[in-house]
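Here are my notes on the model, written for reading side by side with the structure. Please have the viewer open as you go through the points.

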Amino acid sequence: MIEQEAVEFLADMANGDARTALNALELGILTTERQKDGKIHIDLKTASECIQKRILRYDKEGDNHYDTISAFIKSMRGSDPDATLYYLAKMLYAGESITFIARRIIICASEDVGNADPQALSVAVAASLAIERVGMPEAKIILSQAASYVATAPKSNTALIGIEEAMKVVENVKVAGVPAHLQDAYYKGAKNLSRGIGYQYPHNFKDHYVKQQYLPDELVGQTFYKPSENGYEKEIIEYLKKINKEKES
(Lines give C-alpha, C1' and ligand atoms only; values in the text may rest on other atoms or scores of the structure.)
Protein backbone atom coordinates (compact mmCIF):
# COMPACT_ATOMS: atom_id res chain seq x y z
CA MET A 1 0.00 0.00 0.00
CA ILE A 2 1.40 3.42 -0.98
CA GLU A 3 0.32 6.84 0.25
CA GLN A 4 -0.83 9.40 -2.31
CA GLU A 5 1.83 11.85 -1.12
CA ALA A 6 4.51 9.24 -1.85
CA VAL A 7 3.06 8.58 -5.32
CA GLU A 8 3.19 12.28 -6.16
CA PHE A 9 6.74 12.56 -4.84
CA LEU A 10 7.99 9.64 -6.93
CA ALA A 11 6.25 11.00 -10.02
CA ASP A 12 7.87 14.41 -9.53
CA MET A 13 11.34 13.03 -8.86
CA ALA A 14 11.17 10.62 -11.82
CA ASN A 15 10.49 13.50 -14.24
CA GLY A 16 8.44 11.31 -16.55
CA ASP A 17 10.85 8.34 -16.43
CA ALA A 18 8.65 5.38 -15.45
CA ARG A 19 11.66 3.12 -14.89
CA THR A 20 13.05 5.41 -12.22
CA ALA A 21 9.74 5.47 -10.37
CA LEU A 22 9.26 1.69 -10.65
CA ASN A 23 12.81 0.96 -9.53
CA ALA A 24 12.36 3.19 -6.49
CA LEU A 25 9.04 1.54 -5.69
CA GLU A 26 10.55 -1.92 -6.06
CA LEU A 27 13.38 -1.00 -3.71
CA GLY A 28 10.85 0.28 -1.21
CA ILE A 29 8.94 -3.01 -1.30
CA LEU A 30 12.12 -5.05 -0.88
CA THR A 31 13.50 -3.01 2.02
CA THR A 32 10.35 -2.19 3.99
CA GLU A 33 8.96 -4.51 6.64
CA ARG A 34 5.31 -5.51 6.60
CA GLN A 35 3.01 -3.89 9.11
CA LYS A 36 0.71 -5.73 11.51
CA ASP A 37 -1.93 -5.91 8.82
CA GLY A 38 0.48 -7.91 6.68
CA LYS A 39 0.88 -5.13 4.13
CA ILE A 40 3.90 -3.07 3.11
CA HIS A 41 3.23 0.63 3.61
CA ILE A 42 5.19 3.06 1.43
CA ASP A 43 5.03 6.56 2.88
CA LEU A 44 6.73 9.79 1.83
CA LYS A 45 9.82 9.13 3.96
CA THR A 46 10.29 5.67 2.49
CA ALA A 47 9.78 6.95 -1.06
CA SER A 48 12.35 9.65 -0.46
CA GLU A 49 14.92 7.19 0.84
CA CYS A 50 14.32 4.85 -2.07
CA ILE A 51 14.85 7.46 -4.73
CA GLN A 52 17.95 8.59 -2.82
CA LYS A 53 16.96 12.25 -2.60
CA ARG A 54 16.04 14.25 0.43
CA ILE A 55 12.69 16.05 0.51
CA LEU A 56 13.06 19.78 -0.02
CA ARG A 57 10.63 22.21 1.55
CA TYR A 58 9.11 23.06 -1.80
CA ASP A 59 5.36 23.03 -2.26
CA LYS A 60 4.60 23.41 -5.96
CA GLU A 61 1.14 24.68 -5.16
CA GLY A 62 2.16 27.03 -2.35
CA ASP A 63 4.21 30.10 -1.48
CA ASN A 64 7.59 28.35 -1.60
CA HIS A 65 7.05 27.54 -5.26
CA TYR A 66 6.34 31.16 -6.15
CA ASP A 67 9.08 32.49 -3.87
CA THR A 68 11.69 30.29 -5.53
CA ILE A 69 10.74 31.09 -9.12
CA SER A 70 10.58 34.77 -8.14
CA ALA A 71 14.09 34.59 -6.69
CA PHE A 72 15.27 32.77 -9.83
CA ILE A 73 13.94 35.47 -12.16
CA LYS A 74 15.18 38.33 -9.98
CA SER A 75 18.64 36.75 -9.82
CA MET A 76 18.81 36.59 -13.63
CA ARG A 77 17.55 40.17 -13.85
CA GLY A 78 20.09 41.22 -11.24
CA SER A 79 23.02 39.66 -13.16
CA ASP A 80 23.92 37.15 -10.43
CA PRO A 81 24.69 33.83 -12.16
CA ASP A 82 25.54 32.04 -8.91
CA ALA A 83 22.19 32.78 -7.28
CA THR A 84 20.50 31.99 -10.59
CA LEU A 85 22.01 28.51 -10.69
CA TYR A 86 21.26 27.88 -7.02
CA TYR A 87 17.54 28.55 -7.47
CA LEU A 88 17.56 26.58 -10.71
CA ALA A 89 19.11 23.63 -8.89
CA LYS A 90 16.57 23.93 -6.08
CA MET A 91 13.68 23.82 -8.53
CA LEU A 92 15.15 20.88 -10.45
CA TYR A 93 15.87 18.97 -7.26
CA ALA A 94 12.30 19.46 -6.13
CA GLY A 95 10.95 18.15 -9.42
CA GLU A 96 9.77 21.42 -10.93
CA SER A 97 8.63 21.19 -14.55
CA ILE A 98 11.56 21.87 -16.87
CA THR A 99 9.24 23.44 -19.44
CA PHE A 100 7.92 25.83 -16.78
CA ILE A 101 11.49 26.88 -15.98
CA ALA A 102 12.35 27.29 -19.67
CA ARG A 103 9.36 29.57 -20.24
CA ARG A 104 10.53 31.84 -17.41
CA ILE A 105 14.01 32.08 -18.92
CA ILE A 106 12.49 33.05 -22.29
CA ILE A 107 10.40 35.79 -20.67
CA CYS A 108 13.39 37.16 -18.77
CA ALA A 109 15.53 37.12 -21.94
CA SER A 110 13.05 39.42 -23.65
CA GLU A 111 11.78 41.49 -20.72
CA ASP A 112 15.06 42.13 -18.93
CA VAL A 113 17.75 41.71 -21.60
CA GLY A 114 15.93 42.62 -24.79
CA ASN A 115 17.96 44.29 -27.51
CA ALA A 116 20.91 44.89 -25.22
CA ASP A 117 21.76 41.34 -26.30
CA PRO A 118 19.28 40.01 -28.89
CA GLN A 119 21.07 36.65 -28.79
CA ALA A 120 19.73 36.01 -25.28
CA LEU A 121 16.23 35.33 -26.61
CA SER A 122 17.64 32.95 -29.25
CA VAL A 123 19.56 31.04 -26.58
CA ALA A 124 16.49 30.82 -24.34
CA VAL A 125 14.19 29.61 -27.12
CA ALA A 126 16.77 27.09 -28.33
CA ALA A 127 17.08 25.77 -24.79
CA SER A 128 13.31 25.38 -24.53
CA LEU A 129 13.25 23.29 -27.70
CA ALA A 130 16.32 21.29 -26.69
CA ILE A 131 15.02 20.18 -23.30
CA GLU A 132 11.91 18.75 -24.93
CA ARG A 133 14.10 16.58 -27.14
CA VAL A 134 16.60 15.58 -24.45
CA GLY A 135 14.64 15.43 -21.20
CA MET A 136 16.09 14.99 -17.75
CA PRO A 137 18.69 14.57 -16.38
CA GLU A 138 20.66 16.18 -19.23
CA ALA A 139 18.12 19.00 -19.58
CA LYS A 140 19.55 20.53 -16.43
CA ILE A 141 22.75 21.34 -18.36
CA ILE A 142 20.82 23.09 -21.12
CA LEU A 143 18.77 25.09 -18.62
CA SER A 144 21.95 26.01 -16.76
CA GLN A 145 23.54 27.31 -19.97
CA ALA A 146 20.51 29.39 -20.91
CA ALA A 147 19.92 30.78 -17.41
CA SER A 148 23.56 31.72 -16.88
CA TYR A 149 23.67 33.38 -20.32
CA VAL A 150 20.64 35.51 -19.53
CA ALA A 151 22.00 36.32 -16.07
CA THR A 152 25.33 37.57 -17.45
CA ALA A 153 23.95 39.40 -20.50
CA PRO A 154 23.71 43.23 -20.52
CA LYS A 155 20.28 44.33 -19.38
CA SER A 156 17.56 46.51 -20.88
CA ASN A 157 13.80 46.64 -20.33
CA THR A 158 13.13 49.10 -23.15
CA ALA A 159 11.14 46.56 -25.17
CA LEU A 160 8.78 46.15 -22.22
CA ILE A 161 8.46 49.91 -21.61
CA GLY A 162 7.99 50.63 -25.30
CA ILE A 163 5.14 48.20 -25.86
CA GLU A 164 3.40 49.26 -22.65
CA GLU A 165 3.45 52.91 -23.74
CA ALA A 166 2.24 51.99 -27.22
CA MET A 167 -0.62 49.93 -25.75
CA LYS A 168 -1.72 52.92 -23.67
CA VAL A 169 -1.81 55.12 -26.76
CA VAL A 170 -3.77 52.53 -28.72
CA GLU A 171 -6.26 52.35 -25.87
CA ASN A 172 -6.63 56.08 -25.23
CA VAL A 173 -5.87 58.01 -28.44
CA LYS A 174 -8.22 57.99 -31.41
CA VAL A 175 -6.58 58.16 -34.83
CA ALA A 176 -8.07 58.40 -38.29
CA GLY A 177 -6.29 55.27 -39.44
CA VAL A 178 -3.21 54.06 -41.28
CA PRO A 179 -1.67 56.68 -43.62
CA ALA A 180 -2.84 56.11 -47.20
CA HIS A 181 0.64 55.46 -48.62
CA LEU A 182 1.13 52.59 -46.12
CA GLN A 183 -2.18 50.89 -46.80
CA ASP A 184 -2.41 47.57 -48.62
CA ALA A 185 -2.47 48.14 -52.38
CA TYR A 186 -2.22 44.55 -53.57
CA TYR A 187 -5.75 44.11 -54.81
CA LYS A 188 -7.74 45.27 -57.80
CA GLY A 189 -9.08 48.79 -57.46
CA ALA A 190 -6.76 49.80 -54.61
CA LYS A 191 -5.17 52.64 -56.57
CA ASN A 192 -8.57 54.10 -57.32
CA LEU A 193 -8.94 54.55 -53.59
CA SER A 194 -5.46 56.15 -53.30
CA ARG A 195 -4.25 53.20 -51.27
CA GLY A 196 -0.48 52.75 -51.34
CA ILE A 197 0.10 55.79 -53.58
CA GLY A 198 3.28 57.63 -52.67
CA TYR A 199 4.92 54.79 -50.75
CA GLN A 200 8.70 54.73 -51.17
CA TYR A 201 10.49 51.37 -51.03
CA PRO A 202 13.47 51.87 -48.66
CA HIS A 203 15.70 49.33 -50.42
CA ASN A 204 15.72 51.51 -53.53
CA PHE A 205 17.62 54.23 -51.66
CA LYS A 206 21.10 54.73 -50.22
CA ASP A 207 21.70 52.80 -47.00
CA HIS A 208 18.27 51.22 -47.56
CA TYR A 209 16.59 54.17 -45.93
CA VAL A 210 14.34 57.00 -47.09
CA LYS A 211 12.63 59.70 -45.07
CA GLN A 212 8.95 58.82 -44.87
CA GLN A 213 6.04 59.10 -42.44
CA TYR A 214 4.95 55.85 -40.81
CA LEU A 215 2.99 56.87 -37.73
CA PRO A 216 -0.58 58.17 -38.16
CA ASP A 217 -0.84 61.97 -38.42
CA GLU A 218 -2.08 62.27 -34.84
CA LEU A 219 1.04 60.52 -33.48
CA VAL A 220 3.82 62.06 -35.55
CA GLY A 221 6.79 62.74 -33.25
CA GLN A 222 5.72 60.15 -30.67
CA THR A 223 8.58 57.97 -29.38
CA PHE A 224 7.90 54.54 -27.92
CA TYR A 225 11.19 52.71 -28.23
CA LYS A 226 13.99 54.41 -26.32
CA PRO A 227 17.11 52.20 -26.42
CA SER A 228 19.42 52.14 -23.45
CA GLU A 229 23.19 52.62 -23.45
CA ASN A 230 23.74 48.93 -22.68
CA GLY A 231 25.13 46.29 -25.01
CA TYR A 232 23.91 46.20 -28.59
CA GLU A 233 21.41 48.98 -27.94
CA LYS A 234 24.32 51.45 -28.11
CA GLU A 235 24.64 50.53 -31.78
CA ILE A 236 20.90 50.98 -32.24
CA ILE A 237 21.21 54.49 -30.80
CA GLU A 238 23.95 55.33 -33.29
CA TYR A 239 21.89 54.01 -36.19
CA LEU A 240 18.85 56.02 -35.12
CA LYS A 241 20.99 59.15 -34.76
CA LYS A 242 22.28 58.62 -38.28
CA ILE A 243 18.86 58.27 -39.91
CA ASN A 244 17.41 61.10 -37.83
CA LYS A 245 20.07 63.38 -39.28
CA GLU A 246 18.94 62.32 -42.73
CA LYS A 247 15.35 63.10 -41.76
CA GLU A 248 16.35 66.60 -40.76
CA SER A 249 18.38 67.26 -43.91
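1. Let's begin with the overall contacts. Among contacts in the protein (heavy atoms within 4.5 Å) between residues at least 6 apart in sequence, 62% join residues at least 24 apart. A word on the basis: this is a predicted model, where local features need pLDDT of at least 70, side-chain atom pairs count only at pLDDT 80 or more, and totals for chains, interfaces and linings use all residues. Residues are numbered from 1 along each chain as its sequence is written, and side-chain values use heavy atoms, with hydrogens and water left out.

2. Next, the make-up of the chain. The protein has 10 helices and zero strands, where helices (H or I, at least four residues) and strands (E, at least two) are DSSP runs numbered from the N terminus. Of its 249 residues, 34% are buried; buried means under 20% relative accessible area, exposed over 50%, and partly exposed in between (1.4 Å probe, protein chains only). The accessible surface is about 16,000 Å², with 54% of it belonging to carbon and sulfur atoms.

3. How do α6 and α7 run relative to each other? Helix α6 (residues 98-113) and helix α7 (residues 119-134) have axes that come within 8 Å and cross at roughly 170 degrees. The two helices are therefore roughly antiparallel, a label for angles over 145 degrees, while under 35 counts as roughly parallel, 65 to 115 as roughly perpendicular and the rest as oblique. On the α6 side the contact includes I98, A102, I105 and A109, and on the α7 side it includes L121, A124, V125 and I131. By class, this contact has 11 nonpolar, three polar and one charged residues.

4. The largest nonpolar core has 28 residues, and F72, M76, I101, I105 and L143 touch the most other members. Such a core is a set of buried Ala, Val, Leu, Ile, Met, Phe, Trp, Tyr and Cys residues joined through side-chain atoms within 4.5 Å. At least two residues of this core come from each of α4 (63-77), α5 (81-93), α6, α7 and α8 (139-152). Helix α6 gives the largest share, eight residues. Apart from this core lies another, of nine residues, among them F9, L10, I40 and L44.

5. I105 is worth a click. Leaving aside its neighbours within four places in sequence, I105 is in contact with F72, M76, A124, L143, A146, A147 and V150.

6. S110 also sits in helix α6, and S110 is partly exposed, with a relative accessible area of 33%. Beyond its neighbours within four places in sequence, S110 is in contact with L121 and A159. The C-alpha atoms of S110 and L121 are 6.0 Å apart, although the two residues are 11 apart in sequence.

7. Most residues other than glycine have a negative phi, and most peptide bonds are trans. The peptide bond from M136 to P137 is cis, with omega near 10 degrees, and P137 is in the loop between α7 and α8. S79, in the loop between α4 and α5, has a positive phi of about 60 degrees although it is not a glycine. D207 also has a positive phi of about 60 degrees without being a glycine; its loop lies between α9 (158-172) and α10 (233-248).

Definitions and conventions:
Areas by Shrake-Rupley, 256 points an atom, 1.4 Å probe, with all protein chains shown as cover. Axes fitted to C-alpha atoms, helices over the stretch in contact; angles between N-to-C directions. Nonpolar A, V, L, I, M, F, W, Y, C, P; charged D, E, K, R; others polar.
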